[in-house]
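Colleague: Could you walk me through this one? I'd like to go sheet by sheet and then look at a few single residues.

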Amino acid sequence: MIAATHLLPLVATVAPDDQAAVGDVIRRASETGTPIYPIGGGTAQDYGALPVKPGVGLSLSQLNRLVDYPARDLTITVEAGMTVAELRRQLAGERQRLPVDVAEAERATVGGIVARSPSGPRRFRWGTMRDYVIGVQAIDGCGRLFSGGGRVVKNAAGYDLCRLMTGSLGTLGVITQITLMVRPVPENALMVGCEVADHVKAEQLLDDLVHAPVLPSAVELLAGPAWDKEPLLSSPASSFGRLWVAFEGTVAEVAGMAETLQARWRGLGLESQVSGPAEQTECLWQRLVDSFAARAPGSRESTVVEIRVLPGALVGACRLLRTIDPAVSLQAHAGDGIVQAEFSLEPREVLSIIDDRFRSSAKPGGGVAVVVRGSDEARRDQRAVWGPAGDAHQVIIAIKNRFDPHGILNPGRFVF
């Protein structure tokens, strides 16, 4: 099944069934200068700037096979069109996992998540996609196959093409095969949460967590109306938000860390909640992963911006966002300095705000800000989506020209 492609300017869509056929499609497109839009599960088509050049959709849905799975080596090699849900099913038989949070796993493909490199709550302890891609095969903008890395974890030969391709949004090459490092599934998982009265208390709790003898898998600070329908995630409008800290490990480790954190919070005069049975914890975790991934049916199109600051500036950034837009919904990966903000304001207002308030390191809370979901209006201006070109822009352009000299791969969506 070919994913929905209504957000791409396509004149046709093809679905090659092997790597050689992918190369043929791209080679022919290169000869005529026809844009190629790689398609995985179609879960991130409104990510990045709005593409406007008509072109051919290249679906990887037929490249969905398991290539190799030496479970004892903690690696797996799959074709790019395999869904994340299917990858999880393959790994579950050996009680292993890829510890990277992915929304809409039944649709999202492995190649797609490598190309976009999303990360969720677990990045605090387990890292991002770049930490798990150890081998990659892809087709460049001339239809030529290239590869990097290998099927062993310790592989340092040559350029690090794995990291280069991860997060490149299909603009340097169409990924066809990936080798991933995986990890054992923890015995147990648990979340401990509390209401946070104000920004002073938020700073105090996060500072105390740094010094606590615990190792969280995630530290999530939530606020705003998006969480109102979730009793365990919502908080009164008068409070700063709700903090959840997740633990994973053996049963004894998880219980010990949860008890330690609850005791510290009692010492600060706070009441805490525990996520409960495994099923409830999993449901809560999935809600945090899905968060702002897709617009709710029937709701207005909102603009979601990801803002990255130093962890010490995160609470200040959240406070500033709530001052600017009292109806904003926030999910902050507090230990990493990352805030996702779903605004209630009009797109033009949002774009102006993030440019003025968050894209200058000279301003309070300033850092990187990227539009991760929005209407056509919000995504029309490439600079507004990704921010101004940085010091490395010329190097990035040189790399792009080397891999895709005719500029046919996903034109207009990324920083090029």
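Colleague: Which residue in β9 is the bridge partner of A138?

Modeller: Keep in mind that this is a predicted model. Strand β7 (residues 133-139) pairs with strand β9 (residues 174-181) in the antiparallel sense, over six bridges. A138 has its bridge partner in β9, and that residue is I175.

Colleague: What is the strand order of the open sheet of five strands?

Modeller: The edge strands are a handy place to begin: β4 (66-68) and β8 (145-149) each pair on one side only. On average, neighbouring strands there are turned by 20 degrees against each other, direction ignored. The pairing is antiparallel, and the order reads β4-β5-β9-β7-β8.

Colleague: Which residue in β5 is the bridge partner of D68?

Modeller: β4 and β5 are antiparallel, with two bridges between them. Their hairpin has six residues between the strands, and L74 there takes a positive phi near 60 degrees. As for D68, its bridge partner in β5 is T77.

Colleague: And on the β9 side, which residue stands opposite V78?

Modeller: β5 and β9 run antiparallel and are joined by five bridges. In β9, the residue opposite V78 is I178.

Colleague: How many of the five residues of β5 are buried?

Modeller: Take the two faces in turn. In a regular strand, side chains alternate between the two faces of the sheet. On one side of β5 sit T75, T77 and E79, on the other I76 and V78, and they are all buried. β5 is mostly covered, then, and the count of buried residues is five of five.

Colleague: Over to the open sheet of eight strands: which are its edge strands?

Modeller: This sheet also has antiparallel pairing, in the order β14-β11-β13-β12-β16-β17-β15-β18. An edge strand here pairs on one side only, and the two that do so are β14 (273-274) and β18 (368-373).

Colleague: Which strands does helix α6 touch?

Modeller: Helix α6 (residues 199-211) packs on the sheet, and its direction makes about 150 degrees with that of β11. The strands touched by α6 are β11 (188-196), β12 and β13 (241-249).

Colleague: How do α9 and α10 pack, and what is the handedness of their crossing?

Modeller: Helix α9 (residues 314-324) and helix α10 (residues 347-358) pack at about 140 degrees, with axes 12 Å apart. A317, L320, L321 and I324 in α9 meet I353, R357 and F358 in α10. By class, that contact has six nonpolar, no polar and one charged residues. The crossing of α9 and α10 is right-handed.

Colleague: How many disulfides are there, and how far from C194 is the nearest cysteine sulfur?

Modeller: The search of the whole structure finds zero disulfides. A disulfide needs two cysteine sulfur atoms within 2.5 Å. C194 is in none, and the nearest cysteine sulfur, that of C318, is away by 15 Å.

Colleague: Is C194 buried or exposed, and is C283 buried or exposed?

Modeller: Buried means under 20% relative accessible area, and exposed means over 50%. C194 has 1% relative accessibility, so C194 is buried. C283 has 56%, so C283 is exposed.

Colleague: Which residues does S168 touch, sequence neighbours aside?

Modeller: S168 is in the loop between α5 (161-165) and β9. S168 counts as buried because its relative accessibility is 4%. Not counting residues up to four places away in sequence, S168 touches A115 and F414.

Colleague: Last one: which residues is S375 in contact with?

Modeller: S375 belongs to the loop between β18 and α11 (376-379). Its relative accessibility is 18%, so S375 counts as buried. Leaving aside neighbours within four places in sequence, the contacts of S375 are E301 and P347.

Methods. Residues are numbered from 1 along each chain as its sequence is written. This is a predicted model: local features need pLDDT of at least 70, side-chain atom pairs count only at pLDDT 80 or more; totals for chains, interfaces and linings use all residues. Side-chain values use heavy atoms; hydrogens and water are left out. Buried means under 20% relative accessible area, exposed over 50%, partly exposed in between (1.4 Å probe, protein chains only). Axes are lines fitted to C-alpha atoms, for helices over the stretch in contact, and angles run from 0 to 180 degrees between N-to-C directions. Helices (H or I, at least four residues) and strands (E, at least two) are DSSP runs, numbered from the N terminus. A crossing is left-handed if the near helix is turned anticlockwise from the far one by less than a right angle, and right-handed if clockwise. Contact means heavy atoms within 4.5 Å. Ala, Val, Leu, Ile, Met, Phe, Trp, Tyr, Cys and Pro count as nonpolar, Asp, Glu, Lys and Arg as charged, and the others, Gly among them, as polar. Two strands pair if DSSP finds at least two bridges between them.
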